[in-house]
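Dear colleague,

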Amino acid sequence: MVEMGHFALVLALVLSLVQSLVPLYGAHKGDARLMAVGGPVTVTGFAMIGLSFTVLTIAYVQSDFSLVNVWENSHSLKPMIYKFTGTWGNHEGSMLLWVLILSFFGALVAAFGGNLPATLKANVLAVQGWIGTAFLLFILITSNPFARLVPAPIEGKDLNPILQDIGLAVHPPLLYLGYVGFSVCFSFAVAALIEGRIDAAWARWVRPWTLAAWVFLTGGISMGSYWAYYELGWGGFWFWDPVENASFMPWLAGTALLHSAIVMEKRSALKIWTLLLAILTFSLSLLGTFLVRSGVLTSVHAFASDPSRGVFILGILTVFIGGSLALFALRASSLTAGGIFHPISREGALVLNNLFLTTATATVLIGTLYPLVVEALFGEKISVGEPFFNLTFGPLMLPLLALVPFGPLLAWKRGDVAAVAQRLMFAFGAALLVVLVTFLFIDGASVFAALGSGLAAWLVLGALTDLALKAGIGNVAPKVALRRFLGLPRSVFGTALAHLGLGLTLLGIVGVLSFEKEAILVMKPGQVLEISSHRLRFEGLQPVRGPNFTEDQGRFSLLSPAGQPFAEIMSAKRFYPVRQMPTTEAGIKTIGLSQLYVSLGDETTDGSGSVVVRVWWKPLVTLIWGGTLVMMAGGFVSLMDRRLRVGAPAKRKATDKKPSPVAT
Amino acid sequence: MKTKLPAIAGFLAAFLVAGTALAVKPSEMLADPKLEARARLLSEELRCMVCQNQSIDESDAELAADLRVLLRERLVAGDSDEQVMDYIVSRYGEFVLLKPQFNLRNALLWATPLLLLLGGGTFVLLSARSRRRQEPAALSKDEQEALDAILRKDA
């Protein structure tokens with residue numbers, strides 16, 4: 001059984017080699033039969049990797065400790081869901097998931113790329129094949145999940161307790177769907193460079209792939225953030241940790257790509273830039289994989305002491321990034337730049353968006369890599385942490401966010417800022433009101449808090465204004481406006497939703513950063529804590545036994561003004577004996593959009609049952625992740641847009657003859 | 001050190017070194033709320049040396065606790081914020097600072113965002129200007145006459 005999975009993986013490598021070479025040669029020679037090999041080989045490769053992954057999953061579920069990988073990362077007493085998700089809760093398994101998703105995307109192109117020009121499709125599949133070959137080799141040579149252990153141990157070493165959480169089921173797959181989804185954009189870009197031209201099919205295809213990858217990556221990052229928030233026990237939602245940055249950089253670049261792809265699709269301008277961004281975005285995904293997988297982040301020396309994996313991925317990184325950029329340098333001049341536009345136009349706004357987003361990406365990149373550079377060059381260790389990013393990334397985001405509502409309202413080709421500003425008067429006035437109200441009426445509101453809330457309101461109202469104007473609300477009869485509203489293209493809704501979600505996320509961040517309340521104290525059983533007009537009573541500590549852990553549960557009651565308990569919060573300290581590791585399980589109670597967050601510390605030694613408690617009131621915190629869900633919904637709605645579903649450029653002749661619903 | 005954890009979850013585990021639960025303990029806190037607030041702000045900018053990318057304010061490691069106590073001792077002794085930071089850097093090195101110093105070695109780090117924004121902005125402006133120059137020139141007299149002739153024919 002296990003050997004079948006191993007064998008399937010080797011077969012997948014062979015298929016991947018065929019996929020890398022045959023369609024490419026076919027496209028070069030113009031041989032339709034050779035090009036047609038690409039599709040079936042890609043789909044079969046996906047099936048082989050799928051089989052291999054299934055076999056590994058079964059080994060985990062059955063606790064087959066004859067596999068080194070299962071033995072090192074599983075335990076027979078582990079709850080079933082974590083046996084399942086534990087498949088990718090380790091280096092080898094997560095790399096297998098990586099190539100599984102890569103081959104999945106390749107298979108999607110093969111299956112649905114029927115309307116692509118044959119040579120483009122063949123080249124795209126070949127480039128996907130190169131990536132697949134590189135990573136399958138990496139897995140088989142340095143990180144084989146099917147390595148055996150003789151004799152097989154009776155019991156496993158258990159999964160890291162922090163990972164024994166539902167977060168592991170959601171976060172890595174979503175994140176990889178995003179990371180690896182950008183490989184399709186990359187393959188399209190490289191294929192276009194090989195062919196030396198960017199045609200209409202290219203432009204139409206790249207945007208939905210970018211959008212889909214972006215939706216997944218947004219979800220992956222957001223779920224990771226919430227996971228860290230409740231699991232790590234001090235309620236932070238973003239740490240500017242290098243591993244987080246590794247996923248944030250492709251997101252920023254991908255967001256830029258998303259916007260420039262719109263210009264390319266609609267106006268066939270910015271072609272070369274979009275191509276470069278597609279290459280850069282996936283390069284950053286690869287860089288992220290390298291940073292996390294090689295161990296280089298812990299220390300340059302840790303990397304040097306066990307370099308096999310790191311060097312291998314570094315090789316992949318160099319070949320793909322260097323190769324694609326060299327190809328770009330060689331071929332870009334032969335591509336035609338299209339579309340002329342005035343600086344003040346929708347295109348101009350999107351260029352500005354790209355300028356800020358790519359600068360922000362570079363800022364995160366240099367902040368992440370600088371300590372490595374300094375250590376390698378000067379042998380000194382420095383840290384680049386949150387204060388650096390607050391001082392650099394923050395100021396870059398402010399103008400970008402302030403300009404967001406203008407973008408969708410500007411006309412293509414040549415826009416009129418004054419007219420747009422006039423249309424945004426209401427949103428601006430309301431945002432100003434929010435600033436004043438926050439500053440004057442909320443206790444302890446700083447200038448930052450007031451301006452931040454105002455900016456968030458500006459984003460939300462700006463998005464709504466866009467929808468209202470396009471539906472003609474206020475200009476035409478309500479009935480007509482409603483019909484127009486429902487008839488708006490879905491991409492318009494998508495844009496508005498995504499920008500609105502951004503505003504909500506910002507509001508959540510501002511809420512927590514400026515109005516958070518914290519209490520650190522020793523609580524005796526029965527003691528009541530008042531925090532931000534909530535009354536919390538500590539009921540006592542109670543030892544409980546779980547399936548593969550023991551825990552001390554601290555019970556708390558929320559009291560009504562009359563002193564009656566109406567809700568319970570349970571916060572625990574767990575201990576996993578196999579790994580000898582403690583974890584905290586924060587007690588979280590959601591009240592409206594805000595949360596009360598309770599974390600337990602050590603018990604006092606005087607025998608009174610008192611315990612150190614840290615309690616936070618986190619106003620509007622749920623909006624941080626709620627906003628990202630709205631952004632994802634925006635991306636999803638936009639993907640459902642007619643022109644993307646149909647695939648081919650919509651022929652308008654048929655519909656033009658009928659009176660449009662707006663005119664009736 | 002081999003990473004055995006999934007890419008993204010790796011950093012979660014990195015914090016494990018720091019143990020779990022609470023960072024600042026009630027017993028460490030200063031009686032003077034102003035001084036304590038200063039201590040909290042300063043400790044957010046100091047790195048826990050044995051953790052990955054975690055400030056001493058958030059960390060539960062013993063070394064972080066030692067640093068928190070040391071920091072508060074200096075504050076009680078009447079040091080200014082800068083004096084406290086200088087003292088801690090002199091003992092633990094620049095690695096302890098989460099905000100890198102403004103010095104020549106870090107110039108590239110601090111300057112990159114601004115340089116890129118200015119450079120990119122200039123490039124965009126220049127290319128917009130050159131693009132405007134490419135805009136089609138007005139029709140010559142002959143062309144205009146030819147066009148008028150065609151239009152007349154249509155009418």
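**What was found**

Between β5(A) and β6(A) there is a hairpin with 4 residues between the two strands, and in its turn A:Q580 has a positive phi of about 55°. Please keep in mind throughout that this is a predicted model, and that the values below are computed from it.

β5(A) and β6(A) run antiparallel and are joined by 5 bridges, and A:A572 stands opposite A:E585 in β6(A). On the other flank, strand β4 (residues 550-559) of chain A is joined to strand β5 (residues 565-576) of chain A by 10 bridges, again in the antiparallel sense. Within this pairing A:R555 stands opposite A:M570 in β5(A), while A:L559 has A:P565 in β5(A) as its bridge partner. β4(A) and β5(A) also form a hairpin, here with 5 residues between them, and A:G563 in the turn has a positive phi of about 95°.

Taken as a whole, the sheet is open and consists of 5 strands in the order β2-β3-β4-β5-β6 (chain A), with antiparallel pairing. Its edge strands are β2 (528-531) and β6 (581-585) of chain A, each of which pairs on one side only. Neighbouring strands in this sheet are turned by 25° against each other on average, if direction is ignored.

A further open sheet in chain A has 4 strands in the order β1-β9-β8-β7, and its pairing is antiparallel as well. Here β1 (517-523) and β7 (587-591) of chain A stand at the edges with a single partner strand each, so one side of each is left without a neighbour in the sheet.

**Chain A as a whole**

The secondary structure of chain A comes to 23 helices and 9 strands. Its radius of gyration is 27 Å, close to the 26 Å that the globule rule gives for 664 residues, so chain A is as compact as a globular protein of that length. Along its principal axes, the C-alpha trace of chain A spans about 80 × 75 × 55 Å. Of the 664 residues of chain A, 53% count as buried, and among contacts between residues at least 6 apart in sequence, 73% join residues at least 24 apart.

Chain A is divided into domain 1 (1-160), domain 2 (424-515 + 623-645) and domain 3 (517-618). The C-alpha centres of domain 1 and domain 3 of chain A lie 44 Å apart, and between these two domains 7 residues of domain 1 are in contact with 5 residues of domain 3.

**Nonpolar cores**

The largest nonpolar core has 180 residues, and those with the most contacts inside it are A:V99, A:F135, A:C185, A:F188, A:A189, A:A278 and A:L459. At least three of its residues come from each of domain 1 (1-160) and domain 2 (424-515 + 623-645) of chain A. A second, separate core of 18 residues includes A:M523, A:F556, A:I569 and A:I588.

**Chain B**

Buried residues make up 32% of the 155 residues in chain B. Among contacts in chain B between residues at least 6 apart in sequence, 57% join residues at least 24 apart.

With kind regards

Notes
Residues numbered from 1 in each chain as written. Chains lettered and ligands numbered in written order. Predicted model: local features only at pLDDT ≥ 70, side-chain atom pairs only at ≥ 80, totals over all residues. Rg over C-alpha atoms; globule rule 2.2 N^0.38 Å. Buried ≥ 20, exposed ≤ 12 C-beta atoms within 10 Å, placed from the backbone. Core = buried A, V, L, I, M, F, W, Y, C linked by C-beta atoms within 7 Å. Domains from an automatic or database assignment. Pairing = 2+ DSSP bridges. Axes fitted to C-alpha atoms, helices over the stretch in contact; angles between N-to-C directions.
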